[in-house]
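Please examine the sequence and the model displayed below.

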Amino acid sequence: MSPHQLSKSSFIKGLQCEKHLYLYKYHYNEMDELSEMQKAIFQRGTDVGVFAQKLFPGGIAATEGSPPAYKKGLNKTGELILQGGKIIYEAAFQFNEVLSIADIIVKEKNKWNIYEVKSSTSISETYLNDAALQYYVISNSGIEINDFSIIHINNQYIRKGELDINELFTIESVFDSILSLQNIVEENVERFKKVLRKREIPDIDIGEHCHSPYTCSFFNYCRKHIPEDSIFDFSGMHLKKKYELYRDGIIKLDDVPDDYSLNKNNGIQLDVYKSGKAKIDREDLKSFLDDFNYPLYFMDFESFQPAVPLFDNSKPYQQIPFQYSIHLKEKNDGELKHFEFLAEPGEDTRVKFIEGLLNHTKGEGDIVVYNKSFEITRLKEITRDFPQYADEIEKLILRIKDLMIPFQRKYYYAPEMKGSYSIKAVLPSLVPELSYDELKIKEGGLASITFESLQTETDMIIIAETREQLLEYCKLDTLAMVKIFEKLENI
Ligand code: SF4
């Protein structure tokens, strides 16, 4: 059998952009490096796929290895089917130079039910296109298909005791939808094969399509001509408007005419960029700061979102807080005290978390957070799952004040913030001496997946080092808040 030209993933890339398909096939090395977050998301997809095999136990894997050994997979799938196999995992098929690997196939009488596993909680258009291509390949390989379903996570499942795998997953037939897509699949397969026969990279410029359905894996490759400080830095501006500017040849922020119509925030962003000087509204800052009552508790949480709920009373992808840091400043010129908590892997993190937090914030004074909706939502979820703490949590929530407000409302805005008001954008402008650069864990998403990885880690040295990195990261978040607050007071 000749080698395949297309696969499920290259087909989906082709639907996004022919250039994406071409680069993926012939210029793989130019692909953007995967972030730790992206790697974790891919790994989660693989783990969920393996986990879902428990719905149909006793099957045999046809394709194995990473990257998968396709040729062996094709041969083994054929053998297993001939030998009367009833359940096959990672079954490989090829038709018309298109390769497809089905997650699970199950024989029912003389026909087959095909199952594709997704770690998401719903079915997207991309999943339907992916399933439609699989149906095209498998049905044309001489296999009679009885039904085709997508298995995805049921986000309404609440774990009570032992994990109920039948409740954790939803099996949804997409058979009718993908049958109606067959003509389009065939047309696209021929179109993509033609693209791959070209001698040159398709001449396609960047546009809104680079962001949907996923950020393209050659995003940076195609953007080498975009300078620093470009119109793509405009915060909150609709993508459509950014690309309109781009297509009009307005690419650098310096190119934007002074009378160009922008909303208030983008107008401030542009003025500050062009002047190179921070915008400071002292009156607004003063009335914001006048509202704070010492002692001040600068508080930050970290949470993680396991796809498969690990604890009772939790749902798939529920945000589970596992760590906090608090810097306490009792008075304006007082010493700083630090409290922290980091859960042990394997235990339900929430009870020790909330008991420690309530203890460390006991008494009077404001609790200062950065982006209060995150902390308040986590606290309300704990109230829902552990109502015995409701009264104390409610009192704690009433004491929360949000240090993000002056930056979000642009009472203070500096060129270094590049349109963002996240704490990581504010810090270099107000407290350049404090930085996340030296830390192993530099942002919340990575803290989250790092803690999740500890759930299965057995190496004590790795566990100890990782815990140290998590503690350092969360501590810096609250120290940064203290220093930003002090700088604002000085202003
Ligand atoms: S970045 Fe955009 S233009 Fe470039 S390959 Fe990807 S989708 Fe196509």
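Strand β8 and strand β11 (residues 366-369) run parallel and are joined by three bridges; two strands are taken as paired if DSSP finds at least two bridges between them. Strands (E, at least two residues) and helices (H or I, at least four) are DSSP runs, numbered from the N terminus. Ser303, for instance, has Pro321 of β9 as its bridge partner.

The model is predicted: local features need pLDDT of at least 70 and side-chain atom pairs count only at pLDDT 80 or more, whereas totals for chains, interfaces and linings use all residues. Residues are numbered from 1 along each chain as its sequence is written.

β8 (residues 296-304) is mostly covered, with nine of its nine residues buried. A residue is buried if 20 or more other C-beta atoms, placed from the backbone, lie within 10 Å of its own. Leu296, Phe298, Asp300, Glu302 and Phe304 point one way from β8, while Tyr297, Met299, Phe301 and Ser303 point the other way.

Another sheet is open and has six strands in the order β1-β2-β3-β4-β5-β6, with mixed pairing. β1 (60-61) and β6 (169-173) stand at its edges with a single partner strand each, so one side of each is left without a neighbour in the sheet. Strands β2 (residues 87-95) and β3 (residues 98-108) run antiparallel and are joined by eight bridges; there, Ile87 has Val106 of β3 as its bridge partner. Helix α3 lies across β3, β4 (111-117), β5 (145-153) and β6, and runs at about 145° to β4. Such angles run from 0 to 180 degrees between N-to-C directions, with axes fitted to C-alpha atoms, for helices over the stretch in contact.

The domain assignment, which is automatic or from a database, gives domain 1 (8-197), domain 2 (226-277) and domain 3 (284-490). The C-alpha centres of domain 1 and domain 3 lie 39 Å apart. Their contact (C-beta atoms, placed from the backbone, within 7 Å) takes 17 residues from domain 1 and 13 residues from domain 3. Helix α3 (residues 36-52) gives the most to the domain 1 side, with six residues.

The ligand is surrounded by 13 residues, the closest being Cys17, His20, Cys210, Cys216 and Cys222; a residue counts as near if its C-beta atom, placed from the backbone, lies within 6 Å. Helix α2 (residues 18-26) gives the most to this shell, with three residues.

Terms used. Two residues are in contact if their C-beta atoms, placed from the backbone, lie within 7 Å. A residue is buried if 20 or more other C-beta atoms lie within 10 Å of its own, exposed if 12 or fewer, and partly exposed in between; C-beta atoms are placed from the backbone.
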